[in-house]
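Me: Please show me the sequence and the model, and then take my questions one at a time.

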Amino acid sequence: MVLRASPRRERLQRELGENIERWRRVNGLSATELADRAAVTRETLRAVEAGTGAPRLDSVLAILIALGIAEPVVDATNPYNSETARVRIDDILRQAGEP
């Protein structure tokens, strides 16, 4: 559980929820259908789409999988997909290999 409020975190959580709702609608799914496909409660899906509460990571991933967008979301967090991070990772790995 996050112990302090962050306006930025709250905004991002709300935006993620809105995007998930948009993907649900693009896929022509009702909230009940998506909740059933993801094996989460309708209340959990409602909280995720509203950007409220503290849903478990496995619930969010189940929703993303049911929407068919889990891989791109996970890939977006891969530091090797960022040129800046890739350079830093390569430097760190090189330094770790030096005696």
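**Fold and packing**

Me: Which pattern does the protein chain follow along the sequence?
Reply: This is a predicted model, in which local features need pLDDT of at least 70, side-chain atom pairs count only at pLDDT 80 or more, and totals for chains, interfaces and linings use all residues. Residues are numbered from 1 along each chain as its sequence is written, and side-chain values use heavy atoms, with hydrogens and water left out. Helices (H or I, at least four residues) and strands (E, at least two) are DSSP runs, numbered from the N terminus. The protein chain has six helices and zero strands, and read along the sequence its pattern is α-α-α-α-α-α.

Me: How is helix α2 oriented relative to α3?
Reply: Axes are lines fitted to C-alpha atoms, for helices over the stretch in contact, and angles run from 0 to 180 degrees between N-to-C directions. Helix α2 (residues 31-38) and helix α3 (residues 42-50) pack at about 110 degrees, with their axes 9 Å apart. Angles under 35 degrees count as roughly parallel, over 145 as roughly antiparallel, 65 to 115 as roughly perpendicular and the rest as oblique. Therefore α2 is, relative to α3, roughly perpendicular.

Me: Which residues of α2 and α3 make the contact?
Reply: Contact means heavy atoms within 4.5 Å. From α2 come A31, T32, L34 and A35, and from α3 come R42, L45 and E49.

Me: Is A35 buried or exposed, and what is its relative accessible area?
Reply: A35 lies in helix α2. Not counting residues up to four places away in sequence, A35 touches V40, T41, R42 and L45. Buried means under 20% relative accessible area, exposed over 50%, partly exposed in between (1.4 Å probe, protein chains only). A35 is therefore buried, at 3%.

Me: Which residues is S59 in contact with, leaving aside its neighbours within four places in sequence?
Reply: S59 is in helix α4 (residues 57-67) and is buried, with a relative accessible area of 14%. Beyond those neighbours, the contacts of S59 are V40 and T44.
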